[in-house]
Amino acid sequence: MYENTLEISSKQIPYFRTQDFSNIMLKCQEQFLRFVNAPKPSYLAVMTASGTGAMETAVMNALNEKDKVLVIDGGGFGHRFSELCTHHHVLHDDIHLSFGEALTREHLIPYENKGYTALLVNADETSTGQLYDLQMLGDFCTEQNMLFIVDAVSAFLVDEIDMQKMHIDLVLTASQKALALAPGLSFIVVNERMKKIIDNNECACTYLDLKDAFKNMERGQTPYTPAVGIVLQLADRLNQIDQIGVDKVIDQAKANAQYFRMRCDEIGLKYGQYPLSNALTPLLFDNGKAYDYFLEAKDHYGLMLTPNGGALSGSVLRVGHMGNLTTKDYDAVIAFFKEVLE
Ligand SMILES: *Cc1c(COP(=O)(O)O)cnc(C)c1O
């Protein structure tokens, strides 16, 4: 997290049904829409829920039992979309990718002209670090007249997200990844076509009903008490990003990712060779010790890397490029691996 964010999080939380707070929220909306190049008009919903809450909100509000949905299931987060569709009785077919398999246009050919109504994808499948080709997927959706729903929880601010260019109808993200805020808030941006669909859909959940969220946001409010403290962190961080420029913020993440991968090459550390997001670098180990390195780095080196669960826990360890990180941090990670791999 950035120093500013930490400072704000030590302050009192104000009462929020005020014009002052509404003004903060409305400014956040204006910035958010601009940062994803949303067409005019577009709408932001601020949800007090983690990223999965926003994924479920998207499935419950944008889709119904009349839809037939295509899900890119290339890891833990893609699989979550698939499970959410099952849970909410949304018909779906999943494109399964095995670990390391890159998604290509060829994967979509069997699904052309079969009556699919929407595509669900995680821009960056965070469990593997694969960055999908959103332009290719968005063009496919346009061709096939499908809604394009993008989970950009880990891609927002590290990889390009352009709603207009990539034909995205709904994009969602959360507070605790590249925004580098406390966990607890998530965000959904929709274009006019998606808003109309949502307005005509029944949502089975009162708390996650986007109709209510968008209606309240007209005056800069939420239906229920939001995580006010994180909204204040957000307002500050969005201002900071605005000053730097969103493209430059993405370039910084890219520079960090490239620097770290260059240093990995120097010492022969292996990482995924499929299209990679700037969000993280997935280190690959064939000695089965990935999780041991995670514990060792955390307990003895003050370095917090991200382990994988399940079948990949011995072979994959992820190094993040989101938030307040610099080349010094990566030098420390490299020094750590030089030591433990000797
Ligand atoms: C982190 C993440 C989420 C959200 O996970 P939560 O734990 O619910 O915040 C969703 N999708 C992707 C791609 C993520 O990286």
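Predicted model: local features only at pLDDT ≥ 70, side-chain atom pairs only at ≥ 80, totals over all residues.
Trainee: Why is R318 called buried?

Mentor: Buried means under 20% relative accessible area. R318 has 12% relative accessibility, so R318 counts as buried.

Trainee: What makes R318 a residue to look up in the record?

Mentor: UniProt places the feature "binding site" at R318, in an unreviewed entry. Such annotations may be inferred rather than shown by experiment.

Trainee: Which residues does R318 contact, apart from its neighbours within four places in sequence?

Mentor: Contact means heavy atoms within 4.5 Å. On that basis R318 is in contact with T126, S127, L280, T281, P282, L305, T306, P307 and N308.

Trainee: How do you know that R318 and P307 make a polar contact?

Mentor: The cut-off for a pair of N or O atoms is within 3.5 Å. A polar atom of the R318 side chain lies 3.0 Å from the backbone oxygen of P307, so the pair falls within that cut-off.

Trainee: Where does R318 sit in the secondary structure?

Mentor: R318 lies in strand β12, which covers residues 316-320. This strand belongs to an open sheet of three strands, in the order β10-β12-β11, with antiparallel pairing.

Trainee: Why are β10 and β11 said to stand at the edges?

Mentor: Each has a single partner strand, so one side of β10 (280-284) and one side of β11 (306-307) is left without a neighbour in the sheet.

Trainee: How do you know that β11 and β12 pair?

Mentor: Two strands pair if there are at least two bridges between them. β11 and β12 have two bridges, in the antiparallel sense, so they meet the requirement. T306 stands opposite R318 in β12.

Trainee: What packs on this sheet?

Mentor: Helix α9 (residues 246-267) does, touching β10 and β12. The direction of α9 makes about 20° with that of β10.

Trainee: Turning to T57, why is T57 called buried?

Mentor: The limit is under 20%. T57 has a relative accessible area of 0%, so T57 is buried. T57 is placed in helix α3, residues 51-62.

Trainee: What does T57 touch, not counting residues up to four places away in sequence?

Mentor: T57 touches M47, I188, L208 and L210. Separately, the T57 side chain reaches the backbone oxygen of G53 at 2.6 Å.

Trainee: Which residues does UniProt list for "domain: Aminotransferase class V"?

Mentor: The unreviewed entry in UniProt lists residues 18-268. That span is 43% helix and 18% strand, and its end C-alpha atoms lie 56 Å apart.

Technical notes. Residues numbered from 1 in each chain as written. Heavy atoms only, no water. Helix = DSSP H or I, 4+ residues; strand = E, 2+ residues; numbered from the N terminus. Buried < 20%, exposed > 50% of the residue type's maximum accessible area, 1.4 Å probe, protein only. Polar contact = N/O pair within 3.5 Å; in protein donor to acceptor, adjacent residues only side chain to side chain. Axes fitted to C-alpha atoms, helices over the stretch in contact; angles between N-to-C directions.
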